[in-house]
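Try each task by yourself, then read the worked solution.

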Amino acid sequence: MLFRSFWMLSVSFKPIDEPFAIPARLWPNEPTLTNYANAFRPEFWRQLLNSTIVSVATILVSITAGLLAAYSISRFRMRGLKTLLILFIVAQMFPVSTMIIPIFQLVNGLDLLNTYTALIGAYITITLPVAIWMLYAFVNNVPRDMEEAAMVDGATRLQAFLRVVVPVVGPGIAATAVWIAVVTWQEFIFALALTTSQDMRTVSVGMSDFIGQFGIRYGELMSTSVLISIPVIALFLVLQRHFVAGLMAGSAKG
């Protein structure tokens, strides 16, 4: 896994003819920044902005809705809630290719092509079910006594949820947010099908510009890959402590 990342970094610094050199070199003899200069084209910044807006919005909506749904399933005793939770996972068994046509028809019928709403809505369909499952494991581990004690002191159920449950499941929220960020940042099929304007392209679709009919510009493709990997790596490093704590907390009950 590390070697693939190293090779991506190496090719990003190689001149245009060196990626095909025989024998292959692990590191270029004469590193160049030309590929990075070409990657910083005007449309790249627009694509970076689009991906950021869509990813952040998807995280906020999926975390908020997923946390409320997970809390409801964990705390309220209503018939069908557990079945609904199972259906969320069953929905994830279908590949994205089976959903793209009906979602495209829906988006096109609502005249939402080339909008952030279309992309965010499509991404929520694939992130929200898993987010509910992930957050359910954390919420279900929070002792009910903590909420009951808060409500005895005069807090409403909503206040007990916001002031007791949400802070306790913070590591789970961080872990879920990182997962959603990775999924939405690298998603390609929805971003390609639901956007036809260059102004609405995301970074994952923008990378395909370096793959032409008669050749692939490997240096620029790899330099762009390095650049768009930085935000996700930075997010993971910032939330790393919470992310690991969340995984550990979700692996055991109590």
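**Exercise 1.** Find which residues of helix 3 and helix 9 meet.

*Solution.* Start with helix 3: Leu-48, Ser-51, Thr-52, Ser-55, Thr-58, Ile-59, Ser-62, Ile-63 and Leu-67 take part. Their partners in helix 9 are Ile-173, Thr-176, Ala-177, Ile-180, Ala-181, Thr-184 and Trp-185. Contact means heavy atoms within 4.5 Å. Next, sort the residues of this contact: nine are nonpolar, seven polar and none charged. Here Ala, Val, Leu, Ile, Met, Phe, Trp, Tyr, Cys and Pro count as nonpolar, Asp, Glu, Lys and Arg as charged, and the others, Gly among them, as polar.

The model is predicted: local features need pLDDT of at least 70, side-chain atom pairs count only at pLDDT 80 or more, and totals for chains, interfaces and linings use all residues. Residues are numbered from 1 along each chain as its sequence is written, and side-chain values use heavy atoms, leaving out hydrogens and water.

**Exercise 2.** Describe how helix 3 (residues 42-75) packs against helix 9.

*Solution.* First take the angle, about 140°, and then the distance between the axes, 9 Å. This angle makes helix 3 oblique to helix 9, because angles under 35 degrees count as roughly parallel, over 145 as roughly antiparallel, 65 to 115 as roughly perpendicular and the rest as oblique.

Terms used: Axes fitted to C-alpha atoms, helices over the stretch in contact; angles between N-to-C directions. Helix = DSSP H or I, 4+ residues; strand = E, 2+ residues; numbered from the N terminus.
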